Amino acid sequence: MIVLKCHVGIGEKVEGEALVAPDNFSARYDLDRKKGVFSRPDHELFGQSYDGKILVHNTAKGGVASAWMLNEMKTQGITPKAILFNTANTILAQGAALAGLAMCDRFEDGDVVELIRTGDHLIVEPETGTVTITNRAE
């Protein structure tokens with residue numbers, strides 16, 4: 001078990017499988033919100049489903065449209081469980097709060113994209129600012 005410390009985040013405790021890419025994240029430009037997959041062809045996760053995953057990215061990009069699109073995803077029932085960033089912007093933080101998504105950033109141990117691997121099983125606890133890797137992917 002590996003416990004990573006981060007800035008106190010947003011949302012409830014969640015548990016699930018990580019989906020990691022060094023790309024930046026935009027709910028508006030990177031995702032097909034109806035199919036639940038990454039749709040930008042040059043995104044490392046192109047074609048992969050984000051539904052029910054814990055997304056791990058470098059940073060958030062985009063503005064108000066990205067924030068309200070997180071809420072739209074929630075109303076359609078096709079959402080990630082959480083989003084983890086090296087750095088997030090305030091607009092996406094507001095969007096995560098509105099959509100009820102867990103979100104954390106600013107990891108003390110380094111680059112979150114290097115600390116967590118796709119397939120790792122995680123417990124994200126925004127209230128305490130911890131992400132626990134309970135089962136490491138091969």
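The following dialogue examines how several terms apply to this predicted model.

Tutor: Local features here need pLDDT of at least 70 and side-chain atom pairs pLDDT 80 or more, while totals for chains, interfaces and linings use all residues. Residues are numbered from 1 along each chain as its sequence is written, and side-chain values use heavy atoms, with hydrogens and water left out.

Student: Why is T130 called buried?

Tutor: Buried means under 20% relative accessible area, exposed over 50% and partly exposed in between, with a 1.4 Å probe and protein chains only. T130 has 12% relative accessibility, so T130 counts as buried.

Student: What makes the pairing of the T130 and T128 side chains a polar contact?

Tutor: A polar contact is a pair of N or O atoms within 3.5 Å; within protein, one must be able to donate a hydrogen and the other to accept it, and residues adjacent in sequence count only if both atoms are side-chain atoms. The T130 and T128 side chains make such a contact at 2.9 Å.

Student: Why is N86 classed as buried?

Tutor: The relative accessible area of N86 is 14%, and therefore N86 is buried.

Student: Why is α1 called roughly parallel to α2?

Tutor: Angles run from 0 to 180 degrees between N-to-C directions, and axes are lines fitted to C-alpha atoms, for helices over the stretch in contact. Angles under 35 degrees count as roughly parallel, over 145 as roughly antiparallel, 65 to 115 as roughly perpendicular and the rest as oblique. The axes of α1 (residues 64–76) and α2 (residues 90–99) come within 8 Å and cross at roughly 15 degrees. Therefore α1 is roughly parallel to α2.

Terms used. Helix = DSSP H or I, 4+ residues; strand = E, 2+ residues; numbered from the N terminus.
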